[in-house]
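Here's a quick briefing for anyone meeting this structure for the first time. Have a look at the model, then read on.

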Amino acid sequence: TTLPQKLVLVAGKGNNGANVMAAARLLRMRSIPIPIMHLIVLFDEDDDHQSKRPNIREQLQLYEDWIGGDTECIFPFDYDKIRNCGDNTIIVDGVLGTGITKPVRGAAMEAIQAMNEAVVGNSSSGSRSVRILSIDMPSGLNHVSGKPEGMAVRATWTLNLHMLKFGQLTEEAKEYIGELWSAETSLGYHTFGGEDLVRKFRQLYEKGPIVKVQYG
């Protein structure tokens, strides 16, 4: 697989944002040969850490400790770096996760618009030179109904974490989910209880910890 020229990681304030920040740190630590890597955060990383969720505070501290406090590649609220990211770019969407029940607004709405516009604005001859990887759920998509709450990211791929969500598998969700993959996590089979769920987890991941999910 050919690596992209640029990686733009977009982190919100919740668990998916923390996941994206961890990914940015690990990619830098492992010296993955991607020439340009931008981390867009939908909060001011210079604010008092105590005002942030514990997982966000932790990831900011880890990034500073392991990357040396170099914030040249962290850009708070920089939607233009998303929208104008250019050809051969993968955007990693970690803005919103599950539990959305109201229309998106504010910084999340701006980021979702910018991500979708980046794909449209950089398309040529029907190809998608900008692609989006959404973590767990495309931001703005309801994980139960599979419908957008006002608007949602139109992902190229969605990487589900652990348990599949009903909203990922509906007909309406397909245009937002894109290609659906699922990753086993350290939560374990019995976290959510019930022998039926345990059986389904074992079947889902019997070929490995990351699998492509077939619709239908």
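**A first look**

N16 is buried, with a relative accessible area of 7% (buried means under 20%, exposed over 50% and partly exposed in between, with a 1.4 Å probe and protein chains only). This is a predicted model, where local features need pLDDT of at least 70, side-chain atom pairs count only at pLDDT 80 or more, and totals for chains, interfaces and linings use all residues. Residues are numbered from 1 along each chain as its sequence is written, and side-chain values use heavy atoms, leaving out hydrogens and water.

**The chain overall**

- The protein chain has six helices and 10 strands, which are DSSP runs numbered from the N terminus (H or I over at least four residues for helices, E over at least two for strands).
- Of its 216 residues, 44% count as buried.
- The accessible surface of the protein chain comes to about 11,300 Å², with 51% of that belonging to carbon and sulfur atoms (Shrake-Rupley method, 1.4 Å probe; for residues, only the protein chains shown count as cover).

**Around N16**

- N16 sits in helix 1.
- Leaving aside residues up to four places away in sequence, N16 touches G94, L96, G97, I135 and D136 (contact means heavy atoms within 4.5 Å).

- Eight strands form an open sheet in the order 3-2-1-4-7-8-9-10, with mixed pairing (two strands pair if DSSP finds at least two bridges between them).
- Strand 3 (74–76) and strand 10 (210–212) are at the edges with a single partner strand each, so one side of each has no neighbour in the sheet.
- Strand 4 (residues 89–94) pairs with strand 7 (residues 130–135) in the parallel sense over five bridges, and V92 stands opposite L133 in strand 7.
- Strand 7 also runs parallel to strand 8 (residues 157–161), joined by three bridges; here I135 has L159 as its bridge partner.
- Strand 8 in turn is joined to strand 9 (residues 179–183) by five bridges, again running parallel, and T158 has L180 as its bridge partner.

**Two helices side by side**

- Helix 1 (residues 15–29) and helix 2 (residues 54–67) pack at an angle of about 10°, their axes 9 Å apart (axes are lines fitted to C-alpha atoms, for helices over the stretch in contact, and angles run from 0 to 180 degrees between N-to-C directions).
- Helix 1 and helix 2 are therefore roughly parallel to each other, a term for angles under 35 degrees.
- Among the residues making this contact are M21 and R25 of helix 1, and L60 and W66 of helix 2.

Note on methods. Parallel < 35°, antiparallel > 145°, perpendicular 65-115°, else oblique.
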